Amino acid sequence: MNGLTDDEDRPLVVIVDDDEAVRTSLEELMLSVGIEAAAFGSTRELLEAELPERPGCLVVDVRMPGSSGLDLQQHLAATGNPKPIVFLTGYGDIPMTVQAMKAGAVDFLTKPVRDQSLLDAVTTGIERDVAQRADARLRNEYADRYAALTPRERQVFRLVAQGRLNKQVAFELGITEVTVKLHRSSVMKKMDVTTIGELIRVWNTLSPLLREKGT
């Protein structure tokens, strides 16, 4: 694990398996295709480690001493860390597979696994994480822009996003249509959008809590 870089764009695959030989083999496989890897012998080791914040995915054994791979999946979900997981197991069964996949696993592979099958799953996991991270950054940007709106602009934003016409917004807020248009224009400028469709899409990406707080 030592020597990991902080390159924000370089993928990192995290391997969790209690079998040292398997960990070594998987690390070597990742490195053979240019993917950096960090390996841990248990869920606890991983959770106690400080890893750089980089895109990637986890390759996790299902059955391990202590917390299982499924326990780790549940923990990450509960703590708001939706890191994609590829499960590996020598003892998989259908109910276990269904549970993992329903909870968002990328794949559920049985040992011994073909190198290409694992690499394909890891590639899918990395791509999913890159997309999730991009979405999260965008949502944060929208939240910051929303915070810069005035209380009146937020009211206009909400009503426009709900499909109200200018005259309906004006009636509900007790202001003129001209004032509504001015506020709507200011909202669109601050939110960095050019169409009402974009404005509605941005509204839908804001968390319900944030939307309620601002109205």
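What volume does the largest pocket have? In this predicted model, the volume of the largest pocket is about 660 Å³. Its lining consists of 26 residues, and those lying nearest the centre of the pocket are Glu53, Arg54, Asn81, Lys83 and Arg133. Helix α5 supplies the largest share, with seven residues. Sorted by class, the lining of the largest pocket comprises 12 nonpolar, six polar and eight charged residues.

The second largest pocket has a volume of about 190 Å³. Among the residues that line this pocket are Ala21, Val22, Ser25, Leu26 and Leu29, together with Leu88, Lys111, Pro112 and Val113. The list also includes Arg114, Asp115 and Leu118. Two or more residues of this lining come from each of the elements α1 (20-32) and α5. Here the largest share, five residues, belongs to α1. The lining of the second largest pocket divides into eight nonpolar residues, one polar residue and three charged residues.

Attention may now turn to the aromatic rings. A pair of such rings is described by the distance of the centres and the angle of the planes. Across the whole structure, a search finds four aromatic pairs. One of them joins Phe87 and Phe108, whose ring centres lie 5.9 Å apart and whose planes make an angle of 40°, which places the pair in the tilted category. Phe87 belongs to strand β4 (residues 85-89) and Phe108 to strand β5 (residues 107-110), so this pair ties together parts that are 21 residues apart in sequence. Are these two residues buried or exposed? Both Phe87 and Phe108 are buried.

Elsewhere, Tyr146, Phe157 and Trp203 form one aromatic cluster. Tyr146 also has a charged neighbour: Arg154 lies over the face of its ring, 5.3 Å from the ring centre.

Helix α6 (residues 151-161) contains Glu153. This residue counts as buried because its relative accessibility is 5%, and buried means under 20%.

Phe108, already met in the tilted pair, is 12 residues from Met96 along the chain, and the C-alpha atoms of the two are separated by 9.2 Å. Lys102 is also placed in helix α4. With a relative accessible area of 74%, however, Lys102 is exposed, since the term applies to values over 50%. How far apart in space are Lys102 and Pro65? From C-alpha to C-alpha the separation is 24 Å, and the two residues are 37 residues apart in sequence.

Read together, these details link several parts of the model. Helix α5 gives seven residues to the lining of the largest pocket and two or more to that of the second largest pocket. Phe108 pairs with Phe87, and its C-alpha atom lies 9.2 Å from that of Met96.

Methods:
Residues are numbered from 1 along each chain as its sequence is written. This is a predicted model: local features need pLDDT of at least 70, side-chain atom pairs count only at pLDDT 80 or more; totals for chains, interfaces and linings use all residues. Side-chain values use heavy atoms; hydrogens and water are left out. Rings of Phe, Tyr and Trp (its six-membered ring) pair if their centres lie within 6.5 Å; planes under 30 degrees apart count as stacked, over 60 as edge-to-face and the rest as tilted. Helices (H or I, at least four residues) and strands (E, at least two) are DSSP runs, numbered from the N terminus. Buried means under 20% relative accessible area, exposed over 50%, partly exposed in between (1.4 Å probe, protein chains only). A charge sits over a ring if NZ of Lys or CZ of Arg is within 6 Å of the ring centre and within 35 degrees of the ring normal. On a 1 Å grid over the protein atoms alone, a cavity is a set of points where a 1.4 Å probe fits but cannot get out, and a pocket is an open set with protein on both sides within 12 Å along at least five of seven lines; lining residues have an atom within 4 Å of a point. Grid points are joined across faces, edges and corners, and a volume is the space filled by probe spheres set on the points. Ala, Val, Leu, Ile, Met, Phe, Trp, Tyr, Cys and Pro count as nonpolar, Asp, Glu, Lys and Arg as charged, and the others, Gly among them, as polar.
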